[in-house]
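My notes follow in short entries.

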Amino acid sequence: MPLSVRPFWALALSLAVVPVWAQAPAGAAAAAPDPKLIRLGLILPLTGGSSDMGNSARVGAQVAVDEINAVGGYLGRKLELVIRDDQANNDMGLAHAEELVLKEKVAATVGFCNTGVAMKALDVFQTNQHILIVPCATGTAITAKYPAAESYIFRTSARDQLQSQFLVADIVKRNLKKVALLVDTTGYGDGGLKDLEAALQAVGLKPHIVVRFKVGVKTLADEMKQLKDSGADALIGWTVGPEQGVISASRAAAGWNVPQYGPWGLSHASAFEASKGAVEGTFVVQTVLPNTFMERNSTFLRGYAKISKERPIGSMMSAAQTYDSVHLLLRAMFLTKGNINGKSLKNALENLQQPYRGVVTTYDRPFSNTDHDAISANMLWLGTWQGGERTYVYKDDAARASVIRRKE
């Protein structure tokens with residue numbers, strides 16, 4: 001089923017203000033900040049192959065900021081996003097991190113959709129005791145680099161360790177035993193492969209075959225033939241959105257009708273488009289799915305539609321997790337009673353007093369001084385593409401989606 005509109009990354013967003021990333025490139029002289037504003041950094045891939053994640057996250061952040069500002073902002077000061085495009089480039093992400101933290105001196109930063117880009121920039125935030133909330137990037141190492149008690153890095157996406165265990169659990173449930181792994185050669189792929197091998201080992205399995213490939217490929221016909229000829233009975237593809245689409249298209253072209261699994265990148269609109277719909281029926285890890293029967297979910301989707309009309313949303317998870325990140329940050333700011341330096345915000349995030357009913361879940365003490373990952377295994381859903389949109393694989397999951405899932 002074709003997408004009903006042009007890809008989101010080709011659309012101009014009708015934001016209330018001209019995006020800051022379009023006004024001031026990295027290295028430009030920083031304008032004197034308005035003391036009446038609370039400025040938040042936002043570093044995302046707004047162009048390139050990961051732009052479906054980045055643009056969806058940007059809209060999610062803007063929806064949150066618009067809501068907050070409409071009711072008075074933070075202690076009478078409105079929030080402003082200082083947006084930068086990292087283009088999924090490690091060096092550019094580092095440069096933007098240094099600019100926002102050292103020159104722009106934003107109060108805190110929300111950012112990164114790509115694990116490699118995040119890892120390259122982490123030291124900037126940690127060294128300067130500057131809060132970073134990662135709403136999209138899922139590499140297990142991101143929140144493991146520094147001990148939580150010392151770390152200024154927080155995350156609202158599901159780390160790859162959880163995603164790999166979740167996928168393997170469903171494979172075991174279906175009594176599949178010969179699992180093929182098709183993994184890209186990036187740092188994200190390296191980390192994912194390590195997590196997948198550990199998850200399989202934990203249930204007494206090992207990869208039936210492992211094949212690696214470089215991102216940017218347009219076909220994986222040879223690799224798919226190798227996997228099919230191996231006799232594998234399940235496939236896990238580990239890569240980003242566009243290449244997930246290539247995996248699905250190549251599997252369909254090879255006539256290899258085994259269950260295809262993937263981490264959250266398989267749910268991106270770029271995967272659907274690159275596969276020309278061949279992702280339909282695949283299995284993908286999700287923290288949130290479009291659900292008009294849930295008030296918080298449907299309210300968020302209406303707010304999103306005021307800014308962007310794309311269908312389907314480039315990355316529902318990126319949008320919702322970034323939206324929730326901004327709201328969690330606001331709640332931490334209120335706990336500091338006006339002293340929003342890095343140390344105060346870190347302490348506040350680790351000691352949030354009241355549950356926050358977000359789009360993804362109800363966050364009840366999502367962080368502590370021993371754990372900076374907000375998402376736990378019980379918060380995950382198995383999703384699929386159906387009729388050009390994401391939905392639940394299991395009907396029971398759809399029925400219990402409204403049940404509050406607190407962190408375990």
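Helices here are DSSP runs of H or I with at least four residues, strands are runs of E with at least two, and both are numbered from the N terminus.

This is a predicted model, where local features need pLDDT of at least 70, side-chain atom pairs count only at pLDDT 80 or more, and totals for chains, interfaces and linings use all residues. Residues are numbered from 1 along each chain as its sequence is written, and side-chain values use heavy atoms, with hydrogens and water left out.

Next I checked H11 itself. It covers residues 316–335, 20 residues in total. From first C-alpha to last it reaches 29 Å, close to the 28 Å expected (1.5 Å times one less than its number of residues). I then asked how enclosed H11 is. Of its 20 residues, 17 are buried, so the rest of the structure largely encloses H11. Buried means under 20% relative accessible area, exposed over 50%, partly exposed in between (1.4 Å probe, protein chains only).

I moved to the hairpin. S13 (residues 381–386) pairs with S14 (residues 389–392) in the antiparallel sense over four bridges; pairing takes at least two DSSP bridges. Gln386 has Glu389 in S14 as its bridge partner. Two residues lie between the strands, and Gly387 takes a positive phi near 65°.

Last, I searched the whole structure for disulfides and found zero. The cut-off is a pair of cysteine sulfur atoms within 2.5 Å. Cys113 is in no disulfide, and its nearest cysteine sulfur, that of Cys136, is 3.4 Å away. That is too far for a bond. Cys113 counts as buried at 5% relative accessibility, and Cys136 counts as buried at 0%.
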